[in-house]
Number of protein chains: 2
Amino acid sequence: MPSLPDRLAGIVGAPHVLTDAGTLAGYLTDWTGRWTGAADAVVRPRTTDEVAAVVTLCAAEGISLCVQGGNTGLVGGSIPPAAGDAPTRLTILLSTARMTGLDDVDVIGRSVGAQAGATLDAVDRHAAAHGLRFGVDLAARESATAGGVVATNAGGIRMIRHGNTRSQVLGIEAVLADGRILRRWSPLIKDNVGYDLPGLLTGSEGTLAVITKVLFSLVTPPEATTVAVVALDRVAAATELIAAASRRGLVVEAAEIMTEAGVDLVHAHGARRPVAQPAPFEFVFEVSGAGAVDEELLAAIEGIDGVLDAVAEPGPAQALWAARENHTEAIARSTTTPVVKLDVSVPIRALPEAFDRLHAVPGDLGVECRPILFGHVGDGNIHANYLDVPAADVHRVTEAVFAVVTDLGGSISAEHGIGRAKAAWIRLGRSDVDIDLMRTLKTALDPHGLLNPGVLFG
Amino acid sequence: MPSLPDRLAGIVGAPHVLTDAGTLAGYLTDWTGRWTGAADAVVRPRTTDEVAAVVTLCAAEGISLCVQGGNTGLVGGSIPPAAGDAPTRLTILLSTARMTGLDDVDVIGRSVGAQAGATLDAVDRHAAAHGLRFGVDLAARESATAGGVVATNAGGIRMIRHGNTRSQVLGIEAVLADGRILRRWSPLIKDNVGYDLPGLLTGSEGTLAVITKVLFSLVTPPEATTVAVVALDRVAAATELIAAASRRGLVVEAAEIMTEAGVDLVHAHGARRPVAQPAPFEFVFEVSGAGAVDEELLAAIEGIDGVLDAVAEPGPAQALWAARENHTEAIARSTTTPVVKLDVSVPIRALPEAFDRLHAVPGDLGVECRPILFGHVGDGNIHANYLDVPAADVHRVTEAVFAVVTDLGGSISAEHGIGRAKAAWIRLGRSDVDIDLMRTLKTALDPHGLLNPGVLFG
């Protein structure tokens with residue numbers, strides 16, 4: 001019997017089966033540096049049929065499979081279990097790095113098919129060449145992949161306008177745990193024939209099937225947008241401004257909030273401040289509409305208590321977006337230890353209290369660390385970052401954040417998923433019946449538990 | 001052992017268990033008159049706990065269960081199998097007619113919880129009292145229920161603006177086939193903790209669980225809308241106008257097309273024609289936006305080839321909406337036999353050809369009948385009605401319509417679901433692997449096949 005690498009080479013070609021420890025290392029540690037796993041081989045298929053053959057081999061031999069796209073996930077969902085944690089069986093990491101194909105854009109139907117490994121940026125540029133846009137956008141757009149954003153049901157900057165990734169998925173192609181290929185693929189806006197399998201696979205984090213290709217809907221970008229950076233003394237002013245702009249008929253394209261500490265980090269690296277003075281909060285607000293959008297926006301801003309200053313200019317206004325675009329990188333550069341990054345959401349009404357209580361977590365615990373909060377304020381989504389947390393206190397900080405969020409009726413995962421990072425806490429967000437039903441689905445689709453073991457259910 | 005009705009009466013109270021044949025008849029024939037089923041009892045619970053007790057009884061005794069909301073479905077999905085078709089076991093029809101409770105509106109979070117039997121109109125009026133709106137709207141709003149629109153993933157008039165029902169479902173409460181209560185209930189816009197169970201149950205047509213309550217998101221209605229009725233000589237002009245209006249920054253609130261034959265039926269019953277002359281197509285187009293919406297809309301209309309006439313006025317403009325609102329009723333009143341009603345969708349690019357070919361079906365088959373087509377043109381959704389089809393030709397007309405739609409890459413069910421009516425044709429829309437996976441899910445959630453037998457899979 002040939003070895004596992006030889007059998008994989010027979011499917012994808014020898015150059016695309018990696019077993020050298022040094023090469024594997026780059027695949028087996030995640031972007032945050034918090035998760036390192038073990039695998040017997042990395043396999044890089046090019047086609048859906050190759051994926052199906054790999055999965056069929058795994059099914060026959062009881063080999064575990066972890067799928068990895070851009071490796072920019074933030075919850076360890078595309079890293080296999082560590083050697084000590086792994087079940088005693090072979091494990092493959094399947095990289096979609098070579099599956100970057102894009103179909104022709106359907107301009108009238110506003111859709112495009114993308115292989116799982118195509119980056120968001122590639123999908124968006126492909127759409128832009130036809131006057132369209134991909135409705136999902138996030139700062140890691142040059143590395144995050146189509147398969148990855150679907151597997152995690154990513155949110156991002158444009159979710160307030162176009163909905164989550166799930167709502168952009170018109171069709172899906174995936175390899176089931178037994179190697180069969182599911183293809184539900186029609187560019188129809190309405191297609192009520194049975195269960196929403198694309199929606200079920202979206203957000204399933206690689207635990208139900210291997211997503212190989214996605215049919216995305218595309219959006220028509222507005223002809224003109226106005227971007228404002230608004231300095232605020234309170235969080236509530238941002239949500240009030242969103243409501244006021246909507247009432248005036250403006251379309252909210254993005255609504256991002258940052259705190260003084262985070263904005264200061266960005267400016268420490270040289271970017272010019274768009275507003276005159278540092279403020280407790282900076283709000284990046286992009287709107288579109290018919291008519292005099294800038295005037296309508298300024299009129300809306302004038303009516304809001306808590307506005308300290310505002311500057312606006314026509315989109316894309318990259319200078320106004322710079323502080324938000326560079327936020328995650330500025331945070332990463334300002335420390336040498338892994339950042340505790342917790343992506344959470346709360347009801348809109350609870351946002352002000354959530355900011356206060358999440359800022360207070362280090363003081364409450366007596367842990368020396370720096371909280372940097374920012375988020376998609378229109379969605380109730382806060383990215384809570386804690387820098388320089390002593391290793392011994394990571395668990396305590398995490399638990400304290402989840403306690404605040406749970407107390408406020410929020411979610412321990414807004415848009416990054418559960419992965420390995422939050423699997424131990426899934427019961428904070430779901431009832432026993434709910435988790436049992438999810439396990440029933442997992443068992444029905446992957447009876448031998450080969451797909452992404454350790455993710456989601458722990 | 002007490003009888004089945006007595007045991008049900010022990011759960012819901014004797015007045016709420018119906019067994020009299022005359023009373024049952026009203027529940028056992030659908031609105032279209034095409035479907036009649038058989039049941040041993042109708043049970044009308046008030047609470048989720050009562051539903052759970054009923055389902056637990058069914059599970060213990062192997063009793064089939066069909067759930068019925070407003071009984072306005074168009075594919076027989078809330079009618080149990082006919083006596084001859086039924087499996088040889090007892091069958092209960094569970095009516096949600098008494099489950100009409102509405103929670104307080106969460107104004108800031110823009111959401112509301114509704115029991116399954118609350119009508120769309122009741123949900124919407126409840127929301128309107130707080131300046132909000134329910135994003136799902138359809139002509140049968142006074143009888144269609146929250147549970148029904150969720151079970152069928154209804155589309156409707158506002159889908160082009162707010163998405164399908166699935167995208168309005170923030171949370172769900174349902175009784176599983178073994179009687180346990182699933183409750184995923186949080187008013188969060190982002191909540192990526194595991195599989196999308198609300199999305200899976202939405203559109204499952206009563207085959208996976210009994211939906212008892214839904215947490216809907218609500219939308220902020222625009223402050224001002226403009227409604228136009230545009231007379232057109234071609235379908236493509238409508239899709240071009242939608243695109244032109246969007247490019248100008250207008251928000252499309254509704255986009256409904258009707259044909260001359262259908263508009264004539266409405267006017268035969270007395271309504272005044274808004275446009276000067278009969279035209280091949282009448283397009284009802286509602287838009288909103290900031291600024292001078294009416295001027296922008298008229299400018300958009302001016303640039304479109306194929307426009308014969310147009311009238312516009314500020315919303316709600318009930319007179320301009322009247323022909324569309326009264327369409328289904330006018331069709332029903334103009335014939336004495338059941339109408340062959342086929343809800344289909346095609347890619348947007350194929351809409352003009354679809355109208356032509358669906359109009360030609362009677363001539364192609366040599367069947368004497370009257371086609372009346374109308375639809376939600378922005379979604380590619382056509383409601384194909386054929387009036388006065390001889391009973392012997394119903395199957396042929398249906399097959400011919402599905403052949404056209406399939407040939408154009410469309411769907412045999414756009415927004416009404418599969419129900420009983422289309423179960424025999426499900427393979428036209430889904431692959432073998434897809435159907436097998438759906439059956440796997442059905443078996444996992446309802447291993448004894450008690451929930452809505454005969455629906456979806458036939």
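In chain B, strand β9 (residues 209–219) is mostly covered, with 11 of its 11 residues buried; buried means under 20% relative accessible area, exposed over 50% and partly exposed in between, using a 1.4 Å probe and protein chains only. This is a predicted model, where local features need pLDDT of at least 70, side-chain atom pairs count only at pLDDT 80 or more, and totals for chains, interfaces and linings use all residues. Side-chain values use heavy atoms, leaving out hydrogens and water, residues are numbered from 1 along each chain as its sequence is written, and chains are lettered from A and ligands numbered from 1 in the order in which they are written.

**Exercise 1.** Work out which strands pair with β9(B), and in which sense.

*Solution.* Start with the terms: strands (E, at least two residues) and helices (H or I, at least four) are DSSP runs numbered from the N terminus, and two strands pair if DSSP finds at least two bridges between them.
- Step 1: β5 (residues 111–115) of chain B runs antiparallel to β9(B), joined by five bridges. Here B:Val112 sits opposite B:Phe216.
- Step 2: β6 (residues 133–134) of chain B is also antiparallel to β9(B), over two bridges. B:Arg133 has B:Val219 as its bridge partner.
- Step 3: B:Val169 stands opposite B:Phe216.

**Exercise 2.** Find the edge strands of the open four-stranded sheet in chain B.

*Solution.* 
- Step 1: Write down the order, β1-β2-β4-β3, with mixed pairing.
- Step 2: Look for strands that pair on one side only: these are β1 (17–18) and β3 (64–68) of chain B.
- Step 3: Check β3(B): five bridges join it to β4 (residues 91–95) of chain B, in parallel. B:Cys66 faces B:Leu93 there.

**Exercise 3.** Describe how chain B relates to chain A.

*Solution.* 
- Step 1: Superpose by least squares on the C-alpha atoms of residues with pLDDT of at least 70 in both copies. A rotation of 180 degrees with 0.0 Å of shift along its axis does it, at RMSD 0.0 Å.
- Step 2: The two copies are therefore related as by a two-fold rotation axis.
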